[in-house]
Amino acid sequence: MSKIEQTLSIIKPDAVERNLVDEIKNIFIKNNLKIKEIKKIQISKDEASEFYKVHQSKPFYNDLCAYLSSGPIVAMVLEGENAVLFNRKLMGATNPKEADENTIRKLYGISIDKNSVHGSDSVDNAKKEIEFFFKN
Ligand code: CMP
């Protein structure tokens, strides 16, 4: 069953730095995901640690938070049918080496850390992540 959802997408520092923002936005638009909110910001390491706190027990947590706060990012609210899962399909696997052809991470990702985009993994997390960036 299809339903209209919202999800959070982040274009990570590696992709912003390489001027890939418009190309990535166009992939969402072409695939009928509406960009309802968008902002370019740089967050602090503390804010990144809060954002990624579900990963706090992971060995890569510190590097992950340092990386997300290392440069400007673009945060977006995407809306469309089954947006949470559909965005994850458009992004491809976390590791660009394992991502399907024509997914964002396959096209632009450099490594598992510099994988160009983040997307919420569930409707509940999408609500929390949208709140984090857009409801102050
Ligand atoms: P993202 O979807 O933003 O969610 C958490 C991030 O941790 C993930 O993308 C990767 O960039 C990063 N990461 C680094 N190492 C790993 C790993 N071994 N497994 C999963 N994610 C990792």
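**Figure 1. Lys39 meets the ring of Phe134 in this predicted model.** The charged end of Lys39 sits over the ring of Phe134, at 5.1 Å from the ring centre. Phe134 belongs to helix H7, which covers residues 123–134. Is Phe134 buried or exposed? With a relative accessibility of 15%, Phe134 counts as buried, because the cut-off for buried is under 20%. Looking back along the chain, Asp124 is ten residues away from Phe134, and the C-alpha atoms of these two residues are separated by 15 Å. Leaving out residues up to four places away in sequence, Phe134 touches Leu8, Glu37, Ile38, Lys39, Ala75, Met76 and Val77.

**Figure 2. Aromatic rings come together in a cluster.** Let's turn to rings that pair with other rings. A pair of aromatic rings is described by two things, the distance of the centres and the angle of the planes. How many aromatic pairs does a search of the whole structure find? The search finds four. In one of these, the ring centres of Phe51 and Tyr52 are 5.1 Å apart and the planes are at 70°; an angle over 60 degrees counts as edge-to-face, so this pair is edge-to-face. Phe132 and Phe133 also form an edge-to-face pair, with 5.0 Å from centre to centre and 70° between the planes. Phe51, Tyr52, Phe132 and Phe133 form one aromatic cluster. Phe51 and Tyr52 are both buried. Phe133, at 2% relative accessibility, counts as buried, whereas Phe132 is partly exposed, with a relative accessible area of 26%.

**Figure 3. Helix H2 has a buried side.** Helix H2 runs over residues 21–30, and its buried residues include Val21, Ile24, Ile27 and Phe28. Why do these four residues lie on the same side of H2? They cover an arc of only 130° around the axis, which puts them on the same side of the helix. What covers the buried residues of H2? The cover includes strand S1 (4–11), helix H1 (13–17), strand S3 (73–81), helix H5 (83–91), helix H6 (104–108) and strand S4 (117–119). On the face of H2 turned away from the buried side, you can find the exposed residues Asp22 and Lys30. Just after H2, Asn32 takes a positive phi of about 65°.

**Figure 4. Glu79 makes a polar contact with Gln6.** You can find Glu79 in strand S3. At 18% relative accessibility, Glu79 counts as buried, because the value is under 20%. The side chains of Glu79 and Gln6 make a polar contact at 2.8 Å. Neighbours within four places in sequence aside, Glu79 is in contact with Ile4, Glu5, Gln6, Asn32, Leu33, Lys34 and Lys36.

**Figure 5. Residues gather around the ligand.** Which residues are around the ligand? They are Lys12, Tyr52, His55, Phe60, Leu64, Thr94, Arg105, Ile112, Asp113, Asn115 and His118. Tyr52, part of the aromatic cluster, has a polar side-chain atom 2.5 Å from an oxygen atom of the ligand. In the case of Ile112, a backbone N or O atom lies 2.6 Å from a ligand oxygen atom. His118 has an N or O atom in its side chain that is 2.9 Å from an oxygen atom of the ligand.

Methods. Residues numbered from 1 in each chain as written. Predicted model: local features only at pLDDT ≥ 70, side-chain atom pairs only at ≥ 80, totals over all residues. Heavy atoms only, no water. Phe/Tyr/Trp six-rings, centres within 6.5 Å; stacked < 30°, edge-to-face > 60°. Buried < 20%, exposed > 50% of the residue type's maximum accessible area, 1.4 Å probe, protein only. Lys NZ or Arg CZ within 6 Å of the ring centre and 35° of its normal. Helix = DSSP H or I, 4+ residues; strand = E, 2+ residues; numbered from the N terminus. Arc of directions from axis to C-beta. Contact = heavy atoms within 4.5 Å. Near = heavy atom within 4 Å. Polar contact = N/O pair within 3.5 Å; in protein donor to acceptor, adjacent residues only side chain to side chain.
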